[in-house]
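Keep the viewer open as you read.

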Amino acid sequence: MAAAGEGTPSSRGSRRDPPRRPPRDGYGVYVYPNSFFRYEGEWKGGRKHGHGKLLFKDGSYYEGAFVDGEITGEGRRHWAWSGDTFSGQFVLGEPQGYGVMEYKTGGCYEGEVSHGVREGHGFLVDRDRQVYQGSFHDNKRHGPGQMLFKNGDKYDGDWVRDQRQGHGVLRCADGSTYEGQWHSDVFSGLGSMAHCSGVTYYGLWINGHPAEQATRIAILGPEVMEVAQGSPFSVNVQLLQDHGEIAKSESGRVLHISAGVRYVQLSAYSEVSFFKVDRDNQETLMQTPFGFECIPYPVSSPAAGVPGPRAAKRGAEADVPLPRRDLELDLGALRGQEDTPGGLLGSSFF
């Protein structure tokens with residue numbers, strides 16, 4: 001009779017513990033002593049060889065090819081600590097060659113890898129669903145590549161350590177296009193911008209901004225012009241920089257001209273009346289750079305039979321004299337629009 005506590009042959013046979021020594025050949029299971037590994041798969045000469053699955057204590061695993069005890073060949077590796085999974089080629093336990101990396105945080109990479117990092121040519125989709133296709137070095141976008149951003153912008157050009165640097169072309173979703181030099185992810189160096197508003201600039205860029213950007217418009221010519229409604233007339237303007245020099249690198253601006261009659265607020269007791277005001281159809285007053293407001297007046301062609309107004313050259317008879325110099329309009333408030341690449345003017349009307 002067996003002593004108490006000893007297992008019967010039938011009970012010992014029902015429990016199959018892993019062998020204390022790895023199998024020599026064939027298929028088997030082995031738990032490595034004093035370690036966190038458990039291997040189940042094919043063996044050859046006492047080494048893992050062929051197809052198998054290696055489990056780690058933290059929940060990580062590798063399943064795929066083994067050669068002479070090493071993870072080498074096609075396989076799939078999951079890292080529990082990061083949640084990432086790589087499927088592809090391995091050499092001596094590391095992703096090496098070509099494969100697909102799926103990231104727990106979102107996105108994936110398909111392409112060439114070396115020692116576990118992106119190296120060579122590949123296709124990357126990040127967590128924001130932005131797409132990059134091109135060259136990688138040391139896990140970063142590096143070399144020629146194309147990028148589609150989540151706002152619809154497209155970039156095709158050079159990269160240096162995850163930043164646009166060198167020569168590249170940016171085609172924005174709003175229709176604007178920049179082609180030229182980049183540094184640290186911004187326009188820098190010689191380049192040209194064709195803005196969706198019609199403004200074009202070709203010249204030097206510094207930290208994302210034109211080096212010779214116009215900030216003012218100077219209207220040239222006489223102080224008073226004779227103008228008839230519906231008749232053509234010419235206005236000469238110059239684009240000026242902050243220091244007064246002409247901005248020669250820019251073109252394509254549209255000058256929006258508005259006409260109006262000066263608004264005068266008379267005292268309540270005054271019996272003088274210049275106009276008969278239609279109080280049911282009053283328009284919003286226009287602000288002017290001269291310190292007074294104007295009632296808008298259309299400059300388009302009048303209806304048939306209705307004469308247009310005329311502004312004669314009567315400097316002495318005018319209620320308020322015009323400035324004795326060329327009119328300069330400050331455009332500084334229009335700079336730095338967030339939706340305009342490089343800080344170029346976001347409006348085409350001044």
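## A nonpolar patch

Val261, Tyr263, Ile295 and Tyr297 together make a nonpolar surface patch of about 300 Å². Bear in mind that this is a predicted model. Valine 261 sits in strand S21, and its relative accessibility of 32% puts it in the partly exposed class.

## The sheet around it

S21 belongs to an open sheet of three strands, ordered S21-S23-S22 and paired antiparallel. Strand S21 (259-262) and strand S22 (286-287) are the edge strands, each pairing on one side only. S22 and strand S23 (residues 293-297) run antiparallel and are joined by two bridges. If you want a place to look, methionine 286 is opposite cysteine 294 in S23.

The loop between S22 and S23 holds phenylalanine 292. Is phenylalanine 292 buried or exposed? It counts as buried, because its relative accessibility is 17% and the cut-off for buried is under 20%. Phenylalanine 292 and arginine 262 are 30 residues apart along the chain, yet their C-alpha atoms are separated by 7.3 Å.

## Two hairpins in a row

Now move to strand S4 (residues 61-67), which runs antiparallel to strand S5 (residues 70-78) and is joined to it by six bridges. Valine 67 has glutamate 70 in S5 as its bridge partner. This hairpin has two residues between its strands, and aspartate 68 takes a positive phi near 50 degrees there.

S5 also pairs with strand S6 (residues 85-91), again in the antiparallel sense and over six bridges. Here glycine 73 stands opposite phenylalanine 90 in S6. The hairpin of S5 and S6 has six residues between the strands, with glycine 83 at a positive phi near 85 degrees.

## Salt bridges

Side chains of opposite charge can pair when their charged atoms come close. How many salt bridges turn up in the whole structure? The search finds four. One of them joins arginine 76 and glutamate 102, whose closest N and O atoms are 3.9 Å apart. Arginine 76 is in strand S5 and glutamate 102 in strand S7 (residues 94-102), so the pair ties together parts that are 26 residues apart in sequence. Glutamate 102 is partly exposed at 39% relative accessible area, and arginine 76 is partly exposed at 34%.

Another salt bridge links arginine 141 and aspartate 162, with 2.9 Å between the closest N and O atoms. It connects distant parts of the chain, 21 residues apart: arginine 141 is in strand S11 (residues 140-148), while aspartate 162 is in the loop between strand S12 (154-160) and strand S13 (163-171). Arginine 141 is buried, with a relative accessible area of 17%, whereas aspartate 162 counts as partly exposed at 27%. Arginine 38 and glutamate 40 also meet in a salt bridge, at 3.6 Å from N to O. Arginine 38 is partly exposed at 32% relative accessibility, as is glutamate 40 at 31%.

## The whole chain and its confidence

Of its 350 residues, 28% are buried. The chain exposes about 22,500 Å², with carbon and sulfur atoms supplying 51% of that.

The mean pLDDT is 79, and 75% of the residues reach 70 or more. Residues 1-14 have pLDDT below 50, and beyond near neighbours in sequence this stretch has one contact in the model. Residues 306-350 also stay under 50, and the model has 92 contacts for them beyond four places in sequence.

How values were computed:
Residues numbered from 1 in each chain as written. Predicted model: local features only at pLDDT ≥ 70, side-chain atom pairs only at ≥ 80, totals over all residues. Heavy atoms only, no water. Buried < 20%, exposed > 50% of the residue type's maximum accessible area, 1.4 Å probe, protein only. Areas by Shrake-Rupley, 256 points an atom, 1.4 Å probe, with all protein chains shown as cover. pLDDT = per-residue confidence, 0-100. Contact = heavy atoms within 4.5 Å. Pairing = 2+ DSSP bridges. Helix = DSSP H or I, 4+ residues; strand = E, 2+ residues; numbered from the N terminus. Patch = residues over 30% accessible without salt bridge, like charges linked within 9 Å, V, L, I, M, F, W, Y side chains within 5 Å. Salt bridge = Lys/Arg side-chain N within 4 Å of Asp/Glu carboxyl O.
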